[in-house]
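Please take a moment with the sequence and the model below before reading on.

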Amino acid sequence: MNKQQTNDFDKIVLTGFLVSLARQFTDIPYAKELAQLIEKQGLVKLPQPQNQDRSVLLTARVEARYKAINQVIAKYQITQVLELASGLLPRGLLMSSNPNITFIESDLPEMIRCKQQLIRQLVGERPNLHFIEIDATRRPSEFSKSTPLLKSKQPVMILCEGLLTHLTLAEKQLVCANIRDMLHSYGGVWITPDFIDTGSLVRSQQDDSGLQKLLQTGTNLTGRSLVNNNFGTLDLARQFVYEQGFRVTEHSMLNIIDELSCLEILGIEKEVVRKMLATQSVFALTVDVA
C-alpha cells in the first residue's frame with residue numbers, strides 16, 4: 001500500500017465520528033455515552049450542519065444496519081468475533097459483557113487507540129475485549145494479528161459495517177481475499193450490510209436533502225465518494241460476492257423496522273424508512289471449508 005492510500009484511509013476514519021454522532025439519537029446501548037464523550041473531549045472537528053440540514057434518514061439507516069446485523073448475529077452460535085473497521089461502534093462493548101465471547105475490535109492505528117481510550121473511560125478493562133491495528137485491505141493479510149486471541153478449532157464471526165462502501169472495487173477484492181482466507185482457516189461467517197446498490201442511496205437522497213448534504217460532507221472529508229463506490233445494482237453486488245468465492249444468505253433490513261427507536265425520537269415517518277430499507281439486506285457469507 002502506498003503512502004497516499006494510507007492517508008486516504010486515515011481520512012475515512014473521520015466518518016466514524018460522523019456516524020457516531022448520528023447514532024446517539026437511538027436506543028442502541030452505549031451509543032449516547034460514546035457520542036457524549038466524543039463531543040465533550042473534542043476528539044474531532046467536523047463541519048456542523050445547520051439544524052435543517054441534519055439527516056434524520058442517516059440516523060434511521062445507521063440504526064437499521066446496526067440492529068439488522070445484530071439480528072443475524074443471533075442466528076449463529078459463534079463466540080469468537082472479529083470486527084473490521086470497528087470505529088466507534090458500540091457492539092464490542094455490548095457483546096463483551098458476556099464473558100464467554102471473545103470480541104476483537106480492529107481498525108487503523110489512530111482510530112483503534114482512540115476507541116480503546118473511550119472504552120476504558122466507559123467500562124474499564126475487559127479481558128475478553130481486545131483492540132488490534134489491522135488494515136483490512138493489506139496483503140499479505142494482517143488478520144494473523146488476531147491468531148493469538150483465537151481458538152484454532154472454533155469458528156470465527158467476522159463483521160464489518162460501513163467499511164466496503166468507502167472502498168474501490170480492487171480494495172473490496174483485497175478485503176474479500178483476506179476474509180476468505182480467514183474463513184477457510186477457522187470456518188464461520190462474515191456478516192455485513194455493505195453490499196448495497198447506488199440506486200438505493202440516490203432514492204434516499206431524493207427523500208431527504210439532509211442526507212445528500214451529509215454524504216457530500218463525507219466525500220469532502222475522505223476524498224472518496226460515499227455513493228459511487230457502491231454497486232450499480234444488487235445483482236452486480238451478488239455477482240461480485242460469488243466471484244470472490246462466497247456463498248451468501250440475504251436477510252432483509254425490513255425485518256427490524258419495528259425495532260427502530262429513532263422513528264419516535266426524531267419524528268420520522270415509518271413509510272419513508274420502509275421505502276429506504278426495502279432493497280437493503282445484510283449478507284451472511286460463508287465459504288466451503290475443506
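Leaving aside its neighbours within four places in sequence, which residues is Val 273 in contact with? The model in which this is asked is a predicted one, and in it Val 273 is in contact with Leu 57, Ala 60, Ile 257, Leu 260, Leu 263 and Ile 268, once the neighbours within four places in sequence are left aside. Val 273 also belongs to the largest nonpolar core, a set of 42 residues, where it is listed with Met 157, Ile 191, Leu 260 and Ile 268 among those with the most contacts inside the core. Helix H4 supplies the largest share of this core, namely seven residues. Apart from it lies another core, made of 31 residues, which include Leu 167, Phe 231, Val 248 and Phe 283. As general background, nonpolar side chains in soluble globular proteins tend to be buried together.

With the interior in mind, the chain as a whole can be described. The protein chain has 290 residues, of which 57% are buried, and its secondary structure comes to 12 helices and seven strands. Among the contacts in the chain that have a separation of 6 or more, 79% are accounted for by residues 24 or more positions apart.

How far the model can be read is a matter of confidence. The mean pLDDT of the protein chain is 86, and 80% of its residues reach 70 or more. Over residues 1-7, however, the pLDDT is below 50, and this stretch has seven contacts in the model beyond near neighbours in sequence. Over residues 49-53 the pLDDT is likewise below 50, and here the contacts beyond near neighbours in sequence number two. Where pLDDT is low, the predicted coordinates should not be read in detail.

The helices come next. Two packed helices are described by the angle between their axes and the distance between the axes. Helix H2, which covers residues 14-23, packs with helix H4, residues 56-73, at an angle of about 90°, and their axes are 9 Å apart. Angles of 65 to 115 degrees count as roughly perpendicular, and H2 and H4 are therefore roughly perpendicular to each other. On the H2 side, Val 19, Ala 22 and Arg 23 take part, and they meet Leu 58, Thr 59, Val 62 and Arg 65 in H4. The residues of this contact of H2 with H4 divide into four nonpolar, one polar and two charged.

Beyond H2, the loop between H2 and helix H3 (31-41) is the place of Tyr 30. Tyr 30 has a positive phi of about 75° although it is not a glycine, and with a relative accessible area of 24% Tyr 30 is partly exposed. Most residues other than glycine have a negative phi, and most peptide bonds are trans. Within helix H3 itself is Glu 33, which counts as partly exposed at 36% relative accessibility. The C-alpha atoms of Glu 33 and Pro 90 are separated by 9.6 Å, although these residues are 57 residues apart along the chain.

Turning to the strands, Ser 106 is found in strand E2, residues 102-107, and at 1% relative accessibility Ser 106 counts as buried. Not counting residues up to four places away in sequence, Ser 106 touches Leu 82, Glu 83, Leu 84, Ala 85, Ser 86, Ile 112, Ile 132 and Ile 134. Between the C-alpha atoms of Ser 106 and Leu 84, which are 22 residues apart along the chain, the separation is 5.2 Å. Ala 85, one of the residues that Ser 106 touches, has its place in the loop between strand E1 (80-84) and helix H5 (91-95). Ala 85 has a positive phi of about 45° although it is not a glycine, and at 26% relative accessibility Ala 85 counts as partly exposed.

A last stop is the loop between strand E3 (129-133) and strand E4 (156-160), where Lys 151 lies. Is Lys 151 buried or exposed? With a relative accessible area of 54%, Lys 151 is exposed. Leaving aside its neighbours within four places in sequence, Lys 151 is in contact with Gln 80 and Tyr 186, and the C-alpha atoms of Lys 151 and Tyr 186, 35 residues apart along the chain, are separated by 8.7 Å. Pro 140 is also found in the loop between E3 and E4, and a cis peptide bond, with omega of about 0°, joins Arg 139 and Pro 140.

Notes:
Residues numbered from 1 in each chain as written. Heavy atoms only, no water. Axes fitted to C-alpha atoms, helices over the stretch in contact; angles between N-to-C directions. Helix = DSSP H or I, 4+ residues; strand = E, 2+ residues; numbered from the N terminus. Parallel < 35°, antiparallel > 145°, perpendicular 65-115°, else oblique. Contact = heavy atoms within 4.5 Å. Nonpolar A, V, L, I, M, F, W, Y, C, P; charged D, E, K, R; others polar. pLDDT = per-residue confidence, 0-100. Core = buried A, V, L, I, M, F, W, Y, C linked by side-chain atoms within 4.5 Å. Buried < 20%, exposed > 50% of the residue type's maximum accessible area, 1.4 Å probe, protein only.
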